[in-house]
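Please keep the sequence and the coordinates open alongside the text.

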Amino acid sequence: MTAAPKTQRLLLVILAIAALAGAALLALWGLQGRAAYFVTPSEIAAGRVEPGVPLRLGGMVSAGSIAPVGDGNSFRFRLEDETATTTVRYRGILPDLFVEGSGAVAEGRLLANGEFAADRILAKHDENYMPPELAERAERATAETVAAP
Amino acid sequence: MHRFANPARFLRIARPATGWTLWPGLVLSLAGFIGGLFFVPADYLQGDSFRILYLHAPAAWLGMAGWSGLAIAGIATLVWRHPLAALAGRAVAPVGALFAAICLASGSIWGRPTWGTWWEWDGRLTSMLVLFFLYLAYIALADAERARGPDSEGRIAAIFGLVGAVNLPIIHYSVIWWNTLHQGRSISIVEGRSSIDPSMLWPLGLTFVGLTLLFVAITLMRMRADIARIKLAMRLQRRAEAAR
């Protein structure tokens with residue numbers, strides 16, 4: 001007994017799609033870490049980053065950490081994630097959306113002393129969109145809850 | 001499935017459907033853009049530049065939906081030898097490519113003031129650019145296959161459409177799998193969650209539905225034009241044979 005040609009072709013296409021999905025999954029598995037756009041401060045803290053190699057570092061700009069140094073064109077700030085913090089040095093113009101408490105990506109290299117020397121700074125935007133009044137209200141609410149106890 | 005295989009029957013539905021999608025599509029898109037540009041508050045951080053979202057997000061969806069359509073048409077071509085499926089694939093491809101290009105261009109224009117760069121090779125941006133190139137390849141391949149003669153019935157393009165569909169989940173999950181410069185998604189329909197404030201959300205719904213209807217209308221028009229072209233060629237051939 002043989003199946004109708006239509007059914008055969010359907011089976012063949014399903015098999016082909018399964019094989020294709022499997023191949024794609026394996027390829028992505030192989031890519032895993034290498035397709036990342038940036039490394040995080042905790043990956044630096046874990047010693048997984050070699051000094052001197054060009055790379056990007058991404059994280060949140062620590063509150064109160066942006067400080068101008070020396071000639072006024074240079075800055076020092078800290079990028080943090082949940083577990084670690086890296087100090088970044090940068091000389092140049094900071095993007096408008098580069099603010100404390102929001103995400104940023106630094107392009108440069110890790111120095112031997114554990115600091116990160118950046119040649120370029122990109123601001124990262126999160127997925128939240130709200131009007132200014134609402135953002136103010138949210139900020140005031142968090143400030144009050146922090147001040148309350 | 002073969003109910004629509006007959007071009008006459010397809011045209012009987014496609015003709016009124018073109019008008020029913022074109023005009024509401026135009027009105028809804030226009031209303032959405034006007035709402036997004038003039039009636040919605042500016043973002044607390046990005047200011048007015050965020051308004052490009054009302055074009056960018058639907059364009060991204062349609063770029064990806066277009067390829068899903070190609071892949072489905074590919075399956076219909078390969079399995080059921082559906083005569084209109086190959087035609088549908090050829091009709092969708094340039095429209096999908098257009099929206100993918102709009103998505104890339106609008107994202108780039110937004111990226112300059114927001115991120116500080118026109119282009120970065122992160123996972124989301126790169127996979128979307130790959131989708132655009134896949135569209136160009138599909139258009140070239142389908143054209144070449146058609147020029148070669150009617151005996152292959154668009155099977156090669158259909159296989160390419162299926163293979164290219166691998167890119168769709170990569171685009172969608174790129175912001176989850178890898179660290180990317182592009183932010184994660186703001187809206188999840190499955191979870192019913194949105195990190196876009198409701199006061200800024202309604203024009204997005206309008207442009208999503210409006211541009212999708214426009215996409216359908218353009219595709220239907222292209223299919224009808226293609227059917228007319230085939231009919232004309234057949235009629236001319238018949239007349240030439242009769243005159244001989």
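Is E115(A) buried or exposed? E115(A) is buried, with a relative accessible area of 17%, where buried means under 20% relative accessible area, exposed means over 50%, and partly exposed lies in between, with a 1.4 Å probe and protein chains only.

## Basis of the model

This is a predicted model, in which local features need pLDDT of at least 70 and side-chain atom pairs count only at pLDDT 80 or more, while totals for chains, interfaces and linings use all residues. Residues are numbered from 1 along each chain as its sequence is written, chains are lettered from A and ligands numbered from 1 in the order in which they are written, and side-chain values use heavy atoms, with hydrogens and water left out.

## Chain A

Chain A holds three helices and six strands, which follow one another from the N terminus as α-α-β-β-β-β-β-β-α; helices (H or I, at least four residues) and strands (E, at least two) are DSSP runs, numbered from the N terminus. Of the 149 residues in chain A, 31% are buried. Among contacts (heavy atoms within 4.5 Å) in chain A between residues at least 6 apart in sequence, 46% join residues at least 24 apart.

The accessible surface of chain A is about 9100 Å², and 59% of that surface belongs to carbon and sulfur atoms. Accessible areas come from the Shrake-Rupley method with a 1.4 Å probe, and for residues only the protein chains shown count as cover.

## Salt bridges

Side chains of opposite charge can pair when their charged atoms come close. While E115(A) is buried, R89(A) is partly exposed, with a relative accessible area of 35%. A network of salt bridges links R56(A), E107(A), R120(A) and E120(B).

In chain B, D226(B) takes part in a salt bridge with R90(B), whose closest N and O atoms are 3.4 Å apart; the pair connects helix α3, which holds R90(B), with helix α7, which holds D226(B), across 136 residues. The side chains of D226(B) and R146(B) also meet in a salt bridge, at 2.7 Å from N to O, and here D226(B) in helix α7 is linked to R146(B) in helix α4, 80 residues apart. Both R90(B) and D226(B) are buried, D226(B) at 5% relative accessibility, whereas R146(B) counts as partly exposed at 35%.

## Nonpolar cores

A nonpolar core is a set of buried Ala, Val, Leu, Ile, Met, Phe, Trp, Tyr and Cys residues joined through side-chain atoms within 4.5 Å. In the largest one, of 37 residues, W67(B), L70(B), F99(B), M128(B), L131(B), Y135(B) and Y138(B) touch the most other members. The elements of chain B that give two or more residues to this core are α2, α3, α4, α5 (155–164), α6 (167–177) and α7 (198–243), and α2(B) supplies the largest share, nine residues. Leaving aside residues up to four places away in sequence, M128(B) touches A60(B), A100(B), C103(B), L104(B) and I171(B). A second, separate core of 18 residues includes L94(A), A104(A), L110(A) and I121(A).

## Surface patch of chain B

L30(B), I34(B), L37(B), F38(B), F39(B) and W202(B) make a nonpolar surface patch of about 700 Å². Patches are made of residues with over 30% relative accessible area and no salt bridge, with like charges joined within 9 Å and nonpolar side chains (Val, Leu, Ile, Met, Phe, Trp, Tyr) within 5 Å. Helix α1 (residues 7–39) of chain B gives the most to this patch, with five residues. L37(B) is found in that helix and counts as partly exposed at 47% relative accessibility.

## Backbone details

Helix α4 (residues 123–148) of chain B has 26 residues and reaches 37 Å from its first C-alpha to its last, close to the 38 Å expected at 1.5 Å a residue; the expected span is 1.5 Å times one less than the number of residues. Just after α4(B), G149(B) takes a positive phi of about 130 degrees.

Most residues other than glycine have a negative phi. R81(B), although not a glycine, has a positive phi of about 50 degrees. R81(B) lies in the loop between α2 (53–80) and α3 (83–115) of chain B and counts as partly exposed, at 32% relative accessibility.

Technical notes:
Salt bridge = Lys/Arg side-chain N within 4 Å of Asp/Glu carboxyl O.
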